[in-house]
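Here are my notes on the model, as numbered points. Have the coordinates open while you read.

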Amino acid sequence: MSLARAITTGDLTQLPSRRDEDWRWSDLRGLIRVLPAPSPAHIGAGTPGPFAGLANREVVIVNGYGPAAIKVAAGETQTLALRFIAARDAGAHVARAAIEVDAGATLTLLESYEGEGTDYVVERDLAISVAKGARLERVIIAGDDQDAVSVSRADIDLSPGATLAQTVLTHGGKRQRLETHVAHPGAEASVRLDGVYVLGAKRHADLTTVVTHAGANGVTDQLTKGVVNGQARGVFQGRIVVSPGADQTDAKMGHHALVLSDRAEVDAKPELEIYADDVACAHGNTVGALDDESLFYARQRGIPEAEARAMLIGAFLGEVVDRIEHDGARGVARAWLAEQLGTRP
Amino acid sequence: MAAVQQTIEHVAEVERYKHGFVTDIDQEFAPKGLSEDIVRFISAKKHEPQWMLDWRLEAYRRWLVLDEPTWARVNFPRIDYQDSYYYAAPKQKAQLGSLDEVDPELLAVYAKLGIPLKEQEVLAGVKGAPKYAVDAVFDSVSVVTTFKKELAQVGVIFCSMSEAIRDHGDLVRQYLGSVVPVSDNYFACLNSAVFSDGSFVYVPPGVRCPMELSTYFRINAAESGQFERTLIIADKGSYVSYLEGCTAPMRDENQLHAAVVELVIMDDAEIKYSTVQNWYPGDKDGKGGIYNFVTKRADCRGDRAKVSWTQVETGSAITWKYPSCVLRGDGSSGEFYSIAITNNRQQADTGTKMIHLGANTRSRIIAKGISAGQSSSTYRGLVSAHPKAKGARNFTQCDSLLIGKHCAAHTTPYIEARNASAKFEHEATTTRLSDDQLFYAMQRGLSREEAVQLLVNGFVKDVLQELPMEFAVEAQKLVAISLEGSVG
């Protein structure tokens, strides 16, 4: 059951619904009554993406059409811009790509989900393997349209000693789900999974992650922060599974959200599923309003309220953005954040 | 040190499950299986009014179209609902005039369990010891309720549910099913159709109940299920503390216990509800034991109403239970303190729901899970704030402790915030016993077993403190016994 299957078969009963425990806050079956027509074929992009100029290689997939396999050879270092574009005439489509990062290679993957059209329905599926000792940093700007429905799913398979660092930045969609599934071998592999969501109007974003530790000595560090305003809805579902034998796992998960409007909503489910005893796992979750005292402090010092709010929210979310390792990407992420907060003080 | 030693001695003197005996008592049963006729049989046996029978039949018909839920993280073979007795009661001689006429065999059961059924026994206890009234439920019926007269003097009604339906029909009719609706969930619906007995408490406005009330549930009959129903109403400005205990014989088959507990709390009233659940957990290979599928919910209907659930869950093969608080009244508050211990092949999926509907409602959750052997323990909880719940506050802490390589501990909290002034905090940790702490304790002369007891007691201290005094001591011993043999 998935959006991709519903799109490829045209069978709407394949859509996940509220009755599916993992989709209770991101219902698709109740939302999509009719699928739009299949997206027409396109080649190449006419406009530069948000990471333009940072990458030494660009792969563009428009309406699901484009290269399907990307490989980074052993020992190589690459900065790759991967652009998923739903063109102006996009209807429904599934975009798929596979990425292999060979042993010892380093890939900075700058992904952008660009919505040129409006009410498209798409699924983007990525299969990524990171070989022994290889490093992958993913920075994703999910720029879906406010009337778009999208599910983006990445299945990441890590080998021993591999490193994965990921930061998702999103302003949501009509319904938007960003799923990351990590097969974590333990074995000195390390994972950082971060997310930032800034949602206004009637937007929705769902950041779902599943990290499965299969072996001993693995590290996972997760931090997601978000702000919701208007009638927006932010969803965070994080699950860390520690399989039998995955001892010495060190996993932590944090999710913190600010609710700025009485009609906005934040739903969170930070799960730990643990089958090994010699582990240190923790999660923390907070949801609340902006701290009145900090706001008062700033205003007292002559900063106008709107500006003070934006500043405090910027600092709150900035903690996540600062963890991006790639300098250029961090700069783009900061600019993205400023733009989001500027338009939504 | 003295306490630790006492615990060790206590562990040494009891067998693994000291309540596992069966009493050979003359009992009558309803025919095996479940049908409308069985529902009628139960209702007739209890001389219930027509409205009660109609209510049960309606529940039964709804139950037929419901599906058994599967979302909990527990595994068990499908239950055959037709292969069980839904009514089992000790045969009684006409109407009982006083306690002296109760079957001495039954009294012996409770004496063996350490439950005082004779009022003078309680009074003869240690000077200054708090009194508590008991309602004793044996399989499908309540055999005796103590201190009824003394309670009646202050207007408190404490009796079995069957009696309440007969004597306080209006109150029961007004509140029964108002907190847990008939078709709330599969097991609550089944309970509504076939519930046999349980306790009923009504505390009138402004009354502070002069003693602890308690119900002791005992399953005795084989191949039977126990479906009790408890309803407690705390009227404006009143207070009551209620304790619940339960045990069952050791059998190789699984027995179903599907209870419903409803609490109604009016303005400025408070209910403190404590449970020490010690149903037979099955043997070390997971054979036998009770399936404990219980719906417990408190409705804070009035402003500034308060409810507190405290539970120590050590028994049952499978526990599936989420005592909840509906915080409807402005300024009302809910608390949930829980210790869930699983050993051998036990499975527990337990937690709470805090549903904030009113303004300035507060809730607090402290859940401690300990898994040993090959058991699995899941905390599952929901904290939600409605748009009208301005200023709602929640603090949740759930900690899991793993003892041994083959056990599992899970945390599945759901958090739903729907307004800008709600403030929710949640933290959870999962660890094993710290080697450093064990080393420290053992270096000071404690054996490994003693050191583990000490650390475990420290781990659950926050919750034990919330229990009434006499229960806390029992519970502390129970914690030790439940983990017996789990230290490798």
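1. Start with the largest pocket of this predicted model, which holds about 1500 Å³ of space. On a 1 Å grid over the protein atoms alone, a pocket is an open set of points with protein on both sides within 12 Å along at least five of seven lines, a cavity is a set where a 1.4 Å probe fits but cannot get out, and lining residues have an atom within 4 Å of a point. Points are joined across faces, edges and corners, and the volume is the space filled by probe spheres set on them. The pocket has 40 lining residues, and those closest to its centre are Glu21(A), Arg24(A), Pro69(B), Trp71(B) and Lys353(B).

2. Which element gives the most to that lining? β13(B) does, with five residues. Others that give two or more include β14 (233-242) and β16 (265-274) of chain A and α9 (186-194) of chain B. Elements here are DSSP runs numbered from the N terminus: helices are H or I with at least four residues, strands are E with at least two. By class, the pocket lining has 14 nonpolar, seven polar and 19 charged residues; Ala, Val, Leu, Ile, Met, Phe, Trp, Tyr, Cys and Pro count as nonpolar, Asp, Glu, Lys and Arg as charged, and the others, Gly among them, as polar.

3. A bit of housekeeping. Residues are numbered from 1 along each chain as its sequence is written, and chains are lettered from A and ligands numbered from 1 in the order written. Local features need pLDDT of at least 70 and side-chain atom pairs 80 or more, while totals for chains, interfaces and linings use all residues, and side-chain values use heavy atoms, with hydrogens and water left out.

4. The largest has about 170 Å³ of space, and of its 22 lining residues Gln166(A), Val168(A), Leu178(A), Glu179(A) and Thr180(A) are closest to the centre. Its lining splits into eight nonpolar, eight polar and six charged residues.

5. The second largest cavity comes to about 120 Å³. Among its 16 lining residues, Lys368(B), Gly369(B), Ser377(B), Thr378(B) and Tyr379(B) lie nearest the centre. β20(B) gives the most to this lining, with four residues, and the classes are five nonpolar, nine polar and two charged.

6. With β15(A) (residues 250-259) it pairs in the parallel sense over nine bridges, and Asp250(A) stands opposite Ala280(A). β17(A) also runs antiparallel to β24(B) (residues 423-432), joined by seven bridges, with Val287(A) opposite Phe424(B). Pairing takes at least two DSSP bridges between two strands.

7. Asp102(A) sits in the loop between β4 (92-101) and β5 (106-115) of chain A. Its side chain makes a polar contact with that of Lys71(A) at 3.1 Å. Such a contact is a pair of N or O atoms within 3.5 Å; within protein, one must be able to donate a hydrogen and the other to accept it, and residues adjacent in sequence count only if both atoms are side-chain atoms.

8. Last, confidence: pLDDT is the predictor's confidence in each residue, from 0 to 100. Chain A has a mean of 94, whereas chain B averages 84. Over residues 10-15 of chain B the pLDDT is below 50, and this stretch has seven contacts beyond near neighbours in sequence, a contact being heavy atoms within 4.5 Å. Residues 122-129 of chain B also stay under 50. Where pLDDT is low, the predicted coordinates should not be read in detail.
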